[in-house]
Structures are given as structure tokens and as C-alpha cells.
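Here is my note for your reading of this model. Please keep the structure open beside it and check each point as you go.

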Amino acid sequence: MGVYRDSMESCPRCGTELTQAGAARACSTCSGLWLGVGDLDEMATQMQNPPQQVNLKLLVVDRQPLACPSCSTPMQTVELFGVPIDICRKKHGVWFDANELAQVLLRSVGVTSPDMR
């Protein structure tokens, strides 16, 4: 049984209702993903061989903010491994446009061990 929500979360890009997709919530129209901040940390850790914590260094980017799907507050746009993503300032989650999560995770591989490249 799912968690009760007062209102359904909608895609900040196109307004489509988000649906559960594993650890994330997905937009069936634009293929964006809404992911918990802790889930992103865990995914990046598991991409390492052996699994280890990754320094997710965020650089603030100036662009039109998207509204958080959970609280509607404008999110902060940051760059992570060269990919612009949007993070809720209240820590509700991270928004990835189509294919951005895959780009971030692939670019995170080896970041903790630069001497092993």
C-alpha cells in the first residue's frame, strides 16, 4: 500500500502526474525523474568498484528555477559532474530531466579514486 499524499506530485517540466518507478517517481511524458537526495548518494556509492562514498560536489547554476514537485517551492539549479539538475531547497528531492541521472552516475565512476584511471 502506497504512502498517502494530500496531492499528487506533478512533473515540474510538463505537469504530468508522476508515477512510482523503483526508488524514483517518473514522468511518463518527458521521462524526467524525481529522486530522494539520499537515494542519489546511495546510487553513486553503488556505482563505485568497490562501493564507496562519492563526493557529490554541487556548483550553483543560474537558470530559471523549476517548482519542487512536493512543495512547489522554486528549486535550486546546480551542476553535478557537468550535468545541470534541480534540487529542492527543503531537501524533498532532486529532479533529473530525461537521461540526466544516467549521465551523473556514469560520470561519478572513479571520482573517489583518481589514481586508478
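Is Asp97 buried or exposed? Asp97 is buried, because its relative accessible area is 17% and buried means under 20% (exposed is over 50%, partly exposed lies in between, with a 1.4 Å probe and protein chains only).

1. Ground rules. This is a predicted model, in which local features need pLDDT of at least 70 and side-chain atom pairs count only at pLDDT 80 or more, while totals for chains, interfaces and linings use all residues. Residues are numbered from 1 along each chain as its sequence is written, and side-chain values use heavy atoms, with hydrogens and water left out.

2. The sheet. Start with the overall order. Seen strand by strand, the open sheet of 7 strands reads S1-S2-S3-S7-S6-S5-S4, and its pairing is antiparallel. Strand S1 (19-21) and S4 are the edge strands, each pairing on one side only. From one strand to the next, the twist averages 35 degrees. Strands here are DSSP runs (E, at least two residues), and helices are too (H or I, at least four residues); both are numbered from the N terminus. Two strands pair if DSSP finds at least two bridges between them.

3. The hairpin. Look at S5 and S6 next. S5 and strand S6 (residues 83-87) pair in the antiparallel sense, over 5 bridges. Glu79 stands opposite Pro84 in S6. The two strands, S5 and S6, form a hairpin with 2 residues between them. Phe81 sits in that turn and has a positive phi of about 55 degrees.

4. Strand S4 (residues 58-60) runs antiparallel to strand S5 (residues 76-80), and 3 bridges join them. Val60 has Val78 in S5 as its bridge partner. Leu59 also lies in strand S4. Leu59 counts as partly exposed, because its relative accessibility is 44%. Leu59 touches Thr77, Val78 and Glu79, leaving aside its neighbours within four places in sequence; contact means heavy atoms within 4.5 Å. Between Leu59 and Val78 there are 5.2 Å in space, C-alpha to C-alpha, though they are 19 residues apart in sequence. One rule to keep in mind: in a regular strand the side chains alternate between the two faces of the sheet.

5. Helix H2 (residues 100-108) lies across S3, S5, S6 and S7, and runs at about 115 degrees to S6. Axes are lines fitted to C-alpha atoms, for helices over the stretch in contact, and angles run from 0 to 180 degrees between N-to-C directions.

6. A residue in H1. Find Thr45 in helix H1. Thr45 counts as buried, because its relative accessibility is 11%. Its side chain reaches the backbone oxygen of Asp41 at 2.9 Å. Beyond its neighbours within four places in sequence, Thr45 is in contact with Pro51, Gln52, Gln53 and Val54.

7. Salt bridges. Side chains of opposite charge can pair when their charged atoms come close. A salt bridge is a side-chain nitrogen of Lys or Arg within 4 Å of a carboxyl oxygen of Asp or Glu. By this rule the count is 3.

8. Glu9 with Arg25. The closest N and O atoms of this salt bridge are 2.6 Å apart. Glu9 lies in the segment before S1 and Arg25 in strand S2 (residues 24-26), so the pair ties together parts 16 residues apart in sequence. Both Glu9 and Arg25 are buried.

9. Asp97 with Arg13. Their side chains meet in a salt bridge at 2.9 Å, N to O. Asp97 lies in the loop between S7 and H2 and Arg13 in the segment before S1, so the pair ties together parts 84 residues apart in sequence. Arg13 counts as partly exposed, at 41% relative accessibility.

10. Asp86 with Arg63. Here the closest N and O atoms of the salt bridge are 2.7 Å apart. Asp86 lies in strand S6 and Arg63 in the loop between S4 and S5, so the pair ties together parts 23 residues apart in sequence. Asp86 is buried, with a relative accessible area of 0%, whereas Arg63 counts as partly exposed at 28%.

Methods: A polar contact is a pair of N or O atoms within 3.5 Å; within protein, one must be able to donate a hydrogen and the other to accept it, and residues adjacent in sequence count only if both atoms are side-chain atoms.
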